[in-house]
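Dear colleague,

I am passing on the structure we spoke about, and below it you will find notes on what turned up in it. Please read them with the model open beside you.

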Amino acid sequence: MSYAPLTNFDGYDVTELNRALDIAKTKAFLGDNGAFLGPLMCGMEFIWTKDVETAATDGIHIWWNPDDFLSLDEDLRASTVLHELWHPANLHFIRQGDRHPQTWNIACDIDINNNLKADRYKVEKPWFIWDEQYKGWAVEDIYDAIDKCSPNGGGGNQGDPQSGSGAPGNMPKGGTNGNDMAPAMSIEDTQRAVNNVIQAAHMAIASGNPGAVPGSVVEHINKFLDPVVPWDVLLDRFLEDRCNDDYSYARPNRRYPGMYLPCLMSDERLTHLAFYWDVSGSTTGPVTVRMNSEVKAIKQKYNPEKMTI
């Protein structure tokens, strides 16, 4: 998704518009997360456009309607900058999965605005929806609660967000269909957005401000960077490597008594394997069966001289 940049600035003072935007950016980074959000912002492009009602982002761009920008005071401009930055910072695009886009956008907006309000940023504009009953909730849990309140299972369009009476009543105004999270145009753009977040986190840590990166952000980054590798595949690879014939200087080659040459050590591979099992209460019947099966498979494939369990 991309929105056309504004090319005709008739009626706007572009110099003044950009100067005011710079002020908003500066005000946005006076908080505790500035060391993280500052580098993140530097990796994104701000674009003035009339294709959105207020503002929107895809993780690498922030589009902003100049009429909406000029209608805000400096505090709300700063809050809007922060709001759009927290979407990619929290990897909301990656975490959406197959959830309803509008309802997910609302859940993310509530979480961001609750946090902005707690940090004493101004969130008084009508589309800055927030609901303190969800304070401290994970976005996924907020989504589930809103989705249950929606009569059509995914619209999230009833209730009063400020009073906490169910799903929000005012849809966030931003890009397509009221969403201020625009889907990335390609896998490469998504990867670029994720890389921006990772780089910003590294820069915050390198600057001596690791606390600028919220723990929840670190958790999601780690999940993204540390894919789950099947343990049985790793174990088999570990054993296979140790079964390969190799040479060692630990025992001289007897065929050449006048020279100190390595000896082939294939006759001493996997002489003794020790297995340690977790037998706590968390180990269920199927897990025990699986462990037995793996040990049996290792015995049949590698046939070590000795096995201890």
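Trp86 is buried in this predicted model, its relative accessible area being 11%. Its partner is Phe36, and the two rings form a tilted aromatic pair, with 6.3 Å from centre to centre and 50° between the planes. The pair links distant parts of the chain, since Phe36 belongs to helix α2 (residues 34-42) and Trp86 to helix α4 (residues 74-89), 50 residues apart. Phe36 is buried as well, with a relative accessible area of 0%.

Across the whole structure, the search finds seven aromatic pairs. Trp48, Trp64 and Phe69 come together in one aromatic cluster, and the ring of Phe69 also has the charged end of Arg77 sitting over it, 4.3 Å from the ring centre.

- Lys50 and Asp67 form a salt bridge whose closest N and O atoms are 3.5 Å apart. Lys50 lies in the loop between β1 (45-48) and β2 (55-57), whereas Asp67 is in helix α3 (residues 66-70), so the pair ties together parts that are 17 residues apart in sequence. Lys50 counts as partly exposed at 42% relative accessibility, and Asp67 counts as partly exposed at 40%.
- Lys117 and Glu132 meet through their side chains in a salt bridge of 3.1 Å, N to O. Here helix α6 (residues 101-118), which holds Lys117, is linked to the loop between α6 and α7 (139-149), which holds Glu132, the two residues being 15 apart. Lys117 is partly exposed, with a relative accessible area of 33%, and Glu132 is partly exposed at 47%.
- Asp236 and Lys301 also meet in a salt bridge, at 3.1 Å from N to O. The residues are 65 apart, with Asp236 in helix α10 (residues 231-243) and Lys301 in helix α11 (residues 285-302). Asp236 is partly exposed, with a relative accessible area of 29%, while Lys301 counts as partly exposed at 49%.

Finally, there is a nonpolar patch on the surface, formed by Ile94, Phe224 and Leu225, which together have about 230 Å² of accessible area. Leu225, placed in helix α9 (residues 215-225), is partly exposed, with a relative accessible area of 42%.

Definitions and conventions:
Residues are numbered from 1 along each chain as its sequence is written. This is a predicted model: local features need pLDDT of at least 70, side-chain atom pairs count only at pLDDT 80 or more; totals for chains, interfaces and linings use all residues. Side-chain values use heavy atoms; hydrogens and water are left out. Rings of Phe, Tyr and Trp (its six-membered ring) pair if their centres lie within 6.5 Å; planes under 30 degrees apart count as stacked, over 60 as edge-to-face and the rest as tilted. Helices (H or I, at least four residues) and strands (E, at least two) are DSSP runs, numbered from the N terminus. Buried means under 20% relative accessible area, exposed over 50%, partly exposed in between (1.4 Å probe, protein chains only). A charge sits over a ring if NZ of Lys or CZ of Arg is within 6 Å of the ring centre and within 35 degrees of the ring normal. Patches are made of residues with over 30% relative accessible area and no salt bridge: like charges are joined within 9 Å, nonpolar side chains (Val, Leu, Ile, Met, Phe, Trp, Tyr) within 5 Å. Accessible areas come from the Shrake-Rupley method with a 1.4 Å probe; for residues, only the protein chains shown count as cover. A salt bridge is a side-chain nitrogen of Lys or Arg within 4 Å of a carboxyl oxygen of Asp or Glu.
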